[in-house]
Amino acid sequence: MNSSNDEHKEDEYIDDDDEQDLNELTKLTNFSLLQIDNFRKYFRKCKKKPNKQKSDNNSDQIDVLDKEEFKVSLGVLSTKSCDYISNRLFEVVTGEGKEYLSFREYILYLDLVNYGSKEDKLKHCFKFFDIGNKGFITNKDFTTILYNLCIFLSSLTISQILINESELSALYDY
């Protein structure tokens, strides 16, 4: 047997601990076991190299991504023009100041985005705009997020979006 077949078989194998973790996630989310397993495979492919890291809660976890690996998992949001937005998203999903995103946090975030209530999604958006987790959104927070979203959108389009920070800031007053 060649090594690529061995790797494929290893990737398909779910040990008892993994299956228990995946089953628990099916109870906490609206995803099926198959969907969660596929997300886990994608999550693991985003790692630069497989290694065991300490998670922020001090338990050993193989399934964690650092900020750069998380950006890779975002696809188009991993572009350089979207650094601020992807970094902010990492902070919101993991909690500010953390170095790693666990697979559990990743799945719970995907569940929120796909199946969360309007209220939960609005709370998440509020956290995204509330830079520094103050409990309120300042004009500066609002302008910073909109400015960086405009930079990202500008990078995706052929025509450049003219960004005037004072006009963006004025939107906050409406």
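**View 1. Surroundings of L101 in the predicted model.** Apart from neighbours within four places in sequence, L101 is in contact (heavy atoms within 4.5 Å) with F43, D63, V64, L65, F70, F90, V93, T94 and Y106. The model is predicted: local features need pLDDT of at least 70, side-chain atom pairs count only at pLDDT 80 or more, and totals for chains, interfaces and linings use all residues. Residues are numbered from 1 along each chain as its sequence is written, and side-chain values use heavy atoms, with hydrogens and water left out.

**View 2. The largest nonpolar core.** This core is a set of buried Ala, Val, Leu, Ile, Met, Phe, Trp, Tyr and Cys residues joined through side-chain atoms within 4.5 Å; buried means under 20% relative accessible area and exposed over 50%, with a 1.4 Å probe and protein chains only. It has 28 residues, of which L101, F103 and F128 touch the most other members. Two or more residues each come from α2 (16–28), α3, α5 (83–94), α6 (103–115), α7 (118–129) and α8 (139–156).

View 3. Buried in α3 are I36, D37, R40, K41 and F43. Seen down the helix axis, the buried residues of α3 fall within an arc of 160 degrees (taken from the directions from the axis to the C-beta atoms), so they line one face. The face turned away from this buried side carries the exposed residues L34 and K45.

Key: Helices (H or I, at least four residues) and strands (E, at least two) are DSSP runs, numbered from the N terminus.
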